[in-house]
Structures are given as structure tokens and as C-alpha cells.
Amino acid sequence: MTFHADPADPVFAGHYPGFPIMPGLFVLDHVLATLPGHRVVGLDRAKFLRPVFPGDTVTVEADLTPEEDHVRCAAKVSTGAGAVAEFKLRLVAS
């Protein structure tokens, strides 16, 4: 999944004035949007490597591995500048 970090998105207005970047929670929210039919039951790792700036094109890649009672998700988020974030999640069907 790829999305455009719209410079007009209100999230940039308050985070941070004079140096707008996308908050990590919103980066994670875009990862979750790539996983319809799943609900997060655990966040095992969140590593933020560089900021997402207004106007960036952001790519989310998610690999799912079924386990006994849940699904493991390893997600990588990147822009043209390189890796932005990595997440390891535990999911169940919703």
C-alpha cells in the first residue's frame, strides 16, 4: 500500500510548529489500514528510523505469519528517502 502524506492534513499543524512531521501513531495507523479483518492484540516492537514529511509518498509492506492463536505481522514503512519505521504486531481476526 502506498499513500501520500497530504501537506493539508491537520495532523501536521500541531506536530511540530515550524517543523511538521507525521506523528508515529499516524504512521502506525496507516499500517493498520493495510490489515483489514484484523485486530491488534499486541505491539511487540515499534522502531522509528526517520520522519515522514508533508508531501512524502509512503509505502507500507506487511508480511503475515499465521501462528496457533494469532497472526504475527512484520511491517516496514518507507519513503523515497529510505526506511521510516518497522513494526512487529500480534493480530487476531476481527
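Is Arg72 buried, partly exposed or exposed, and at what relative accessibility? In this predicted model, Arg72 counts as partly exposed, at 34% relative accessibility. The residue belongs to strand E4, and the description below starts from the sheet that contains this strand.

The sheet is open and has 5 strands in the order E1-E3-E4-E5-E2, with antiparallel pairing. Strand E1 (2-4) and strand E2 (38-48) stand at the edges with a single partner strand each, so one side of each has no neighbour in the sheet. Neighbouring strands are turned against each other by 25 degrees on average, direction ignored. In general, strands of a sheet pair through backbone hydrogen bonds, in either a parallel or an antiparallel arrangement.

Strand E4 comprises residues 71-79. On one side, E4 pairs with strand E3 (residues 57-66) in the antiparallel sense over 8 bridges, and a hairpin of 4 residues joins E3 to E4. Within this pairing, Thr65 has Arg72 of E4 as its bridge partner. E4 is also joined to strand E5 (residues 82-93) by 9 bridges, and these two strands run antiparallel. Cys73 stands opposite Leu89 in E5. E5 in turn is joined to E2 by 9 bridges, again with the strands running antiparallel. In E5, Glu86 is the residue opposite Lys47.

Helix H1 (residues 24-33) packs on the sheet and touches E1, E2, E3, E4 and E5, its direction making about 55 degrees with that of E5. The buried residues of H1 are Val27, Leu28 and Val31. Seen down the axis of H1, these buried residues fall within an arc of 95 degrees, so they line one face of the helix. Their cover includes E3, E4 and E5. On the face turned away from the buried side, H1 carries the exposed residues Leu25 and Ala33.

The two faces of E4 can be told apart as well. In a regular strand, side chains alternate between the two faces of the sheet. The covered face of E4 consists of Val71, Cys73, Ala75, Val77 and Thr79. The uncovered face holds Arg72, Ala74, Lys76 and Ser78. Arg72, the residue of the opening question, is therefore on the uncovered face, and its relative accessibility of 34% makes it partly exposed.

A search of the whole structure finds 4 salt bridges. In one of them, the side chains of Arg72 and Asp44 meet at 3.0 Å, N to O. Arg72 lies in strand E4 and Asp44 in strand E2, so this pair ties together parts that are 28 residues apart in sequence. Asp44 is partly exposed, with a relative accessible area of 39%. Arg72 also meets Glu67 in a salt bridge, at 3.2 Å, N to O. Glu67 counts as partly exposed at 36% relative accessibility. Through shared partners, salt bridges join Asp44, Glu67, Arg72 and Arg90 into one network.

Another salt bridge is formed by Glu86 and Arg45, whose closest N and O atoms are 3.8 Å apart. This pair links distant parts of the chain, with Glu86 in strand E5 and Arg45 in strand E2, 41 residues apart. Both partners count as partly exposed, Glu86 at 26% relative accessibility and Arg45 at 34%.

The structure also holds 2 aromatic pairs. The ring centres of Phe19 and Phe53 are 5.8 Å apart and the planes stand at 80 degrees, so this pair is edge-to-face. It links distant parts of the chain, 34 residues apart: Phe19 is in the loop between E1 and H1, and Phe53 in the loop between E2 and E3. Phe19 is partly exposed, with a relative accessible area of 47%, and Phe53 is partly exposed at 32%.

The other pair is formed by Phe48 and Phe87, with ring centres 5.6 Å apart and planes at 80 degrees, so it too is edge-to-face. Phe48 lies in strand E2 and Phe87 in strand E5, 39 residues apart, and the pair links distant parts of the chain. Phe48 counts as partly exposed at 47% relative accessibility, whereas Phe87 counts as buried at 1%. The cut-off explains the assignment of Phe87, because buried means under 20% relative accessible area.

Note on methods: Residues are numbered from 1 along each chain as its sequence is written. This is a predicted model: local features need pLDDT of at least 70, side-chain atom pairs count only at pLDDT 80 or more; totals for chains, interfaces and linings use all residues. Side-chain values use heavy atoms; hydrogens and water are left out. Buried means under 20% relative accessible area, exposed over 50%, partly exposed in between (1.4 Å probe, protein chains only). Two strands pair if DSSP finds at least two bridges between them. Axes are lines fitted to C-alpha atoms, for helices over the stretch in contact, and angles run from 0 to 180 degrees between N-to-C directions. Contact means heavy atoms within 4.5 Å. The arc is that of the directions from the helix axis to the C-beta atoms. Rings of Phe, Tyr and Trp (its six-membered ring) pair if their centres lie within 6.5 Å; planes under 30 degrees apart count as stacked, over 60 as edge-to-face and the rest as tilted.
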